[in-house]
There are 2 protein chains.
Amino acid sequence: MATRFRTGADSRLEKLIETHRATLDDAIAAVESRASWSPFADSPSTKIHGAEKPAAGKAAFEARLGRRFELDQPGIVDWIGTETSPYTREPLGITYPRSAPDALIAAAAAAMDGWRHVDPDVRIAICLEMARRIYDRNFEMAQAVMHVAGQSYVQAFSGSGPNALDRGIEALAYAAKAMRDVRPHARWTRPFGRDMVSLEKRYTVVPRGVGLVICCASFPTWNAYPAIFANLATGNAAIVKPHPIAILPMAIAVEIARETLSDHGFDPNLATLAVDSIEEPVAQAYIDDPAIQIVDFTGSPRYGSYLERTVTGKLLFTETAGLNSVVVESVEDLSQTARAIARSASLFSAQMCTSPQTIFVPSSGVRTPEGSISAVDFARVLGAEIDAIAEDAATAAGIMGAIQGDVSIDVIEALREKLPGIPGVEIVRDAVPYAHPDYPDARTMTALVAKVPADLADIYAEEQFAPVLFVVETPDADEAVKFATSLAKEKGAISSYLYSVDPEFVDASLDSYTAAGANLSVNLHGTMWINFAAAYSDYHVTGLNPAGNACLADLAFVASRFRIVQSRWPGKTA
Amino acid sequence: MATRFRTGADSRLEKLIETHRATLDDAIAAVESRASWSPFADSPSTKIHGAEKPAAGKAAFEARLGRRFELDQPGIVDWIGTETSPYTREPLGITYPRSAPDALIAAAAAAMDGWRHVDPDVRIAICLEMARRIYDRNFEMAQAVMHVAGQSYVQAFSGSGPNALDRGIEALAYAAKAMRDVRPHARWTRPFGRDMVSLEKRYTVVPRGVGLVICCASFPTWNAYPAIFANLATGNAAIVKPHPIAILPMAIAVEIARETLSDHGFDPNLATLAVDSIEEPVAQAYIDDPAIQIVDFTGSPRYGSYLERTVTGKLLFTETAGLNSVVVESVEDLSQTARAIARSASLFSAQMCTSPQTIFVPSSGVRTPEGSISAVDFARVLGAEIDAIAEDAATAAGIMGAIQGDVSIDVIEALREKLPGIPGVEIVRDAVPYAHPDYPDARTMTALVAKVPADLADIYAEEQFAPVLFVVETPDADEAVKFATSLAKEKGAISSYLYSVDPEFVDASLDSYTAAGANLSVNLHGTMWINFAAAYSDYHVTGLNPAGNACLADLAFVASRFRIVQSRWPGKTA
C-alpha cells in the first residue's frame, strides 16, 4: 500500500523514498517478527569501516573543541557551554547557541504548517536519511559521546550509535504502521429507508503539536532518536533539549537533522536545539507553553515524576530509572553466572538504566552443581569477577569507560564511609579507581560489592547512581522473588534478572514479574551483556511501574502523536 | 493468526470465539475499509424483529418501574434513584444500589488479577457476547433511553442501540488489532563477536488498571460501550458511573455485562455500576484513587476540561461538546439544504454533540440557482422547514423527541427574553413546544431561529444546550470559513458543515477545517441526517480542539490501555 502516501512528492523525494524503502520494509518486518536485524554495523572494526574513518572521526571531534558549534537557528541570545570530558577532565570549550524559547517554539510551529502537508512516507524517508547521515558520522559521534558521557569507545560507537539509531528506526516503523492504519479515503454506501446514500470520505493524518525532547546526560542518543523521529514522522516538530553536561551528541544530531531537512527543501526549524545550563534550566518554560503538545523526557526520577504529577493537556512520555534486581536461586555454572552479573554491573560503570544493583540470594545459599554457596560467598565470587575485569586495563577501559560526574564518585565515597559501621553489612569488594591506559586523568571507578541484611532496605532499595552491587540474603527463593518484584513495583525496574536451573521455580516466578511490570531476563550469560536490549525485539520500559510510562517502542509510543481529521461529501450511488 | 491467542481456553470458550469470529473479522475489515457494515439492524421495524418484541421490550421496561434494580455487586451502602421521564414527567421510581467506591475498586482490582490471564480473544468474544445480548434486549433498552434521556423511540432504538453497539465493536476491532500487533513469542539470534547468541522471548499483554467510565446524560450508551469494551478487551475492569438523571440504560448494560461474565465463569465484578446523585457526586473519589488508571469521560465541557487540567499519571479520554457551525456559501437547491440543516437541528431537539448551532452566511447572501438570498431570508427558510417538522405531530415526535432537562428550557426562555432587546438581532422563528401525540405531558421544544450580528460572539459563539439556530452574516464566504474554523479551534467542534457549489471554494476551505481539527461534512442533504456518524467509518472527535481528546475509534483509543511485559531466556543456537 506504499502508493497511498504518494501525493505531491517531487521526483527527488520519490527517489529518497526508494533509497530507504527496503530499510523501512525490513524494520516493519523486524518489529513484527522481533528477530534480530539492523541496517547498521555496530562494531567499530576497521575491517568493516576501513582504516581512515576512525581517525577522521576523531579529527572531526577535535576540530570542534574550543569553538562555537555553529547552528543557524532562530532567536539566538548567547553562546554557552561548560562540558568537561570525563576522560581528560578538561573543558571541551565548545559553546552552543542558546535560543529564546518563544523563538524556537514559534519557528517550530511555523515549520509544522508546511510539514503537516508533506506525505508521511516522505517524512519517514527524511528521518531515515537523517539516521543514515548520523551513522555515516558515527566515529565522530562516538568521540562526542565518550567525551561528554564517559562511555567507552566501543560502547559509544555501538550503544550510542547503531543501537540507538535502531531504536529511532523502530519508532519510525511503528509510526508508519500507525499512520498506514488510517486509510486516506473511502466510499461509504448504505440504505436509509428507501434511499441509498453514498458518501466519499477523506481521512487526514494531522500532527498534534510541537514536541519537546528532553535528553538524559549519560546515554542521550538512545531515547532521543525515537522521540525525534516519532515526532517528525507524524508531522510534528522536535525541539531537542540536551542535558547541559552532554550537549555535543545532540548538537551533532540536530545539525544533521537540519541539514537533511534543508537539503530536501524543508524548513530546518522542524529540528532545533534548546541549550540551557545547570544554573538556568529552561525545560519548564517550554513545557508550560501551550504550543508544546508532546514531551518526551529521559532523566532523573525526581524531575520525571514531577512531570508525571504536573503535566496535563499534553502527551508525556517518560523514562526515568529503576532499581534493577537479580535473584539467584541456583546456577548451572557459578562462575559464568557471576561473570555475567559482574560484567553487566561493570558496563559503563553501572551508569545505565538497565544495570543491576541489588542481588537477592536465599539464606540456604545459591545451589550449584558443587553444592550450595552462601550469600556472602556469592558476593565474594562476584567481587573476584569484577577484580578480573579491573585488573586488565584494556578490558576495564573497554567495559567500564569513565564516570560521567563527580556525583557518582560521591555516592561511592558516602557508601564507603557509611557501610562499614552498619551491623550485618560486609563490604566484600572495595570500590577503587582503575588506571585508564589511554587517559591517565580519566575519572574511573570499579564496583563496590557488599552483603547487606534484608532489613536494610534504605540502603539496597534506593537507586545508587554508581557502580555498586548489594547482595541481600532472603529467607528463601520465593521470598527473593517477592523482594525483587516488590522493589520493581515500588521503585521501578527496567531490567530484572533471575537465575535458576529449576524450571518450575522459574515458571512460578514469571507471573510475579509480569504483575510487577518487570521485564525479565532468565539465566543469561555469555558474550552478550545480560542488560543488552535490542531494538526491534526487546521492549524497553513497561510503563507499569515507576521507571517510566513510555515503551520503546510500541504502537502506544506513536499512535497519539497524530490525530485524524475527516471530511465527507455526497458520492455517486452506483 | 487467530491461534496465537489460544491458551487455556476451554471448549465452551472456544465455541464462544467461533460464534463471534465472523463479527470480529468483519469489524476489523470494516475499520480498515471504512465501508458501511453492521452486524445489527438499526430499524425497529416489526418486519425485522417480529410483532412481539416491541411490546415485550416495553413490558420489560415497565416492570422495572417503582422497584429496586437488583444488581448484586459489592459494597452496597443504600439504594438511590431519582430519574424522571421527560415524556411523562413522572419519576421512574427505580432505585439502584449505591456501592462504596473502595469496595467497587477493590473488587475490580481483584477480578482483574484473573482476567489478565484470560486469552485476549476470549475477552473480546465475551464483549461481543455482551453486545449481542444487549442487542437482543434493544426494545427494552430503547424504552429506557427514551424515558431517561428523552430521545424519540426510533432514535433511542437505533442511535442508542445498534449505532452505539457498533461503536463498541469498533473499539473491540482496534483492541484486537493493537493486541495482535504484540507477538506472543519470538526467537532472536545474532552474533556477538565470534559467538552466536540465541534467545527465546515471550511478550505478554498486561492491562493497565481499573477503568472508570463516566457517562453523559443525553446519549449515554454511545460513548460508554467503546470505553467499557476497550477496557475489558485489554484486560482491565470497567466501573461504570452513569449520570444520575440517566442511570437505567447503563444499569441494564452492566447487568447484561455481569451476567455474561458470570455465565462464562468469570468474575462479574469486572463490570460494576457506580451510582451517585446530583447532590453527592462520586466521580472524583474514584478518579483520585491510584488503582483507577483509566478514565473515560463524556459530559460537560466544564467538568471535562477540569479533568483535562487536573488528572495526571493515568489515561484520560474525554468527549465534551463543541460548537458546531455551518457555512452556507451557495446551494444547488435552497430548500433541500435548509431542510437538511433544519432536520439535524431538530433531531433530538439539538441535544446531540453533533447538532449544528451557528450558521455563517456571506453578506452578499447565499447563492442559489434563483439568485442570492440574504442571511435573514435564509434564516426564514430554515424557520419554515422547522415549522414543517413541528406542524406534523408524528414527524415532530419521531425527530425531536423530548427535552431531557429543564435546563434546556431555561436556556430557551433566557434567549427569548434577552434577544429581542439586542440591536441587530432578529428572531425569525420563535421556540415553542410541540404537542406530543402519545405523551401529552412530554417536555418538548422546537428550535428558535435568530439572525445575529457577527460582532455578538457572546451569543452565537457560546454553546446553547437547547434547540437554537443562529444565522450570522459575515463579510464574505472566506470570512465565514474563518469564523467557523476559529470557533472550532477556540470552543471545540465535533461536526462542521459546509455548503457550496463552488469546488474551488470547497477545496480552498478544506485545509482550514483540517488545521482547526474540525471534521467536515460538505453539501450533505437527503434522507441521512447530516450529523449521522457511522461507526467503522466516521472518526468521531479529532482531539485537536476543545471538544475532547479521544477519537471513536482509532488505535490511540486502545493502544495505551494495555502494556507489554517481556521475558527472555537462552535459546538453542540452530
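In this predicted model, Val213(B) stands opposite Asp296(B) in β8(B). That strand, spanning residues 292–298 of chain B, runs parallel to β5(B) and is joined to it by 5 bridges, where strands (E, at least two residues) and helices (H or I, at least four) are DSSP runs numbered from the N terminus, and two strands pair if DSSP finds at least two bridges between them. β5(B) also pairs in the parallel sense with β6(B), residues 238–241, over 4 bridges, and here Ile214(B) has Lys241(B) as its bridge partner. Between β5(B) and β6(B) the chain passes through helix α9 (residues 220–233) of chain B in a right-handed β-α-β crossover, right-handed meaning that, with the strands pointing away from the viewer, the path from the first strand over the helix to the second runs clockwise.

The strand β5(B) itself, residues 210–214, is mostly covered, with 5 of its 5 residues buried, that is, with 20 or more other C-beta atoms, placed from the backbone, within 10 Å of their own. Val210(B), Leu212(B) and Ile214(B) point one way from the strand, whereas Gly211(B) and Val213(B) point the other way.

| Strand | Partner | Bridges |
|---|---|---|
| β5(B) | β8(B) | 5 bridges |
| β5(B) | β6(B) | 4 bridges |
| β18(A) | β19(B) | 2 bridges |

Chain A has 20 helices and 19 strands, and 59% of its 574 residues count as buried. For 574 residues a compact globule would have a radius of gyration near 25 Å, and chain A, at 25 Å, therefore agrees; the radius is taken over C-alpha atoms, and the rule is 2.2 Å times the number of residues to the power 0.38.

Residues are numbered from 1 along each chain as its sequence is written, and chains are lettered from A and ligands numbered from 1 in the order in which they are written. Local features need pLDDT of at least 70 and side-chain atom pairs count only at pLDDT 80 or more, while totals for chains, interfaces and linings use all residues.

Terms used:
A residue is buried if 20 or more other C-beta atoms lie within 10 Å of its own, exposed if 12 or fewer, and partly exposed in between; C-beta atoms are placed from the backbone.
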